Amino acid sequence: MKSATPSDRHMQKRTPPAHAFEMRFTSSPRGARLARRLVSHRLHEWGHPYDGTLNETVTLIAAELAANAVRHGHVPGRDFHVRLTDTPDGVRLEVSDTRTERLPDPRPPQDPGDDESGRGLLLVEALADRWGVEPRSPGKCVWADVRPSPATHR
């Protein structure tokens, strides 16, 4: 499994971000769609082209995590928050919501069968180099790290 415990993350030495973007979005399908589009746009501005592997990967992860924040983390009257950082080591995406009692399973089911949902975190698990969940007050933050591959345009 590629996820890490919060203590693992804090022990690692991270490169300071070369670029950072953060914004709050309404907890609605429209907010999730806007978050996905702005993540892709920011990455493009930072030198990761729309059709590049890194942009496509992080945008897909952003779509899944934003949709989960709206569907499973929605608290009436509260927004969700997206933070995107780009460093030479890679890109980190963080999506936070204010719902504390609904935490994603750090080990998503390997086969959701015929269920109509439950595949989003399988995609995140497959696409991210590392991902995890951290508590926040109030709520939680789901994060994913994606390192540039040799084929990624920078």
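**Packing in a predicted model**

Biologist: How much of the protein is buried?

Modeller: Buried residues make up 44% of the 154 residues in the protein. Buried means under 20% relative accessible area, exposed over 50% and partly exposed in between, with a 1.4 Å probe and protein chains only. This is a predicted model: local features need pLDDT of at least 70, side-chain atom pairs count only at pLDDT 80 or more, and totals for chains, interfaces and linings use all residues. Residues are numbered from 1 along each chain as its sequence is written, and side-chain values use heavy atoms, with hydrogens and water left out. The buried share is 44%.

Biologist: Which pattern does the protein follow along the sequence?

Modeller: The protein has four helices and five strands. Helices (H or I, at least four residues) and strands (E, at least two) are DSSP runs, numbered from the N terminus. The pattern reads α-β-α-α-β-β-α-β-β.

Biologist: How many residues apart in sequence are the parts that the aromatic pair ties together?

Modeller: The structure holds one aromatic pair, and Phe-25 and Phe-80 form it, stacked, at 5.6 Å centre to centre and 25° between the planes. Rings of Phe, Tyr and Trp (its six-membered ring) pair if their centres lie within 6.5 Å; planes under 30 degrees apart count as stacked, over 60 as edge-to-face and the rest as tilted. Phe-25 lies in strand β1 (residues 19-25) and Phe-80 in strand β2 (residues 80-87), so the pair links parts whose separation in sequence is 55 residues.

Biologist: How are α3 and α4 oriented to each other?

Modeller: Helix α3 (residues 53-72) and helix α4 (residues 120-127) pack at about 150°, with axes 10 Å apart. Axes are lines fitted to C-alpha atoms, for helices over the stretch in contact, and angles run from 0 to 180 degrees between N-to-C directions. Angles under 35 degrees count as roughly parallel, over 145 as roughly antiparallel, 65 to 115 as roughly perpendicular and the rest as oblique. So α3 and α4 are roughly antiparallel.

Biologist: Which residues is Thr-98 in contact with, leaving aside neighbours within four places in sequence?

Modeller: Thr-98 sits in the loop between β3 (90-97) and α4. Thr-98 is buried, at 13% relative accessible area. Contact means heavy atoms within 4.5 Å. Leaving aside those neighbours, Thr-98 is in contact with Gly-73, Val-75, Arg-78, Asp-79, Arg-136, Pro-138 and Gly-139.
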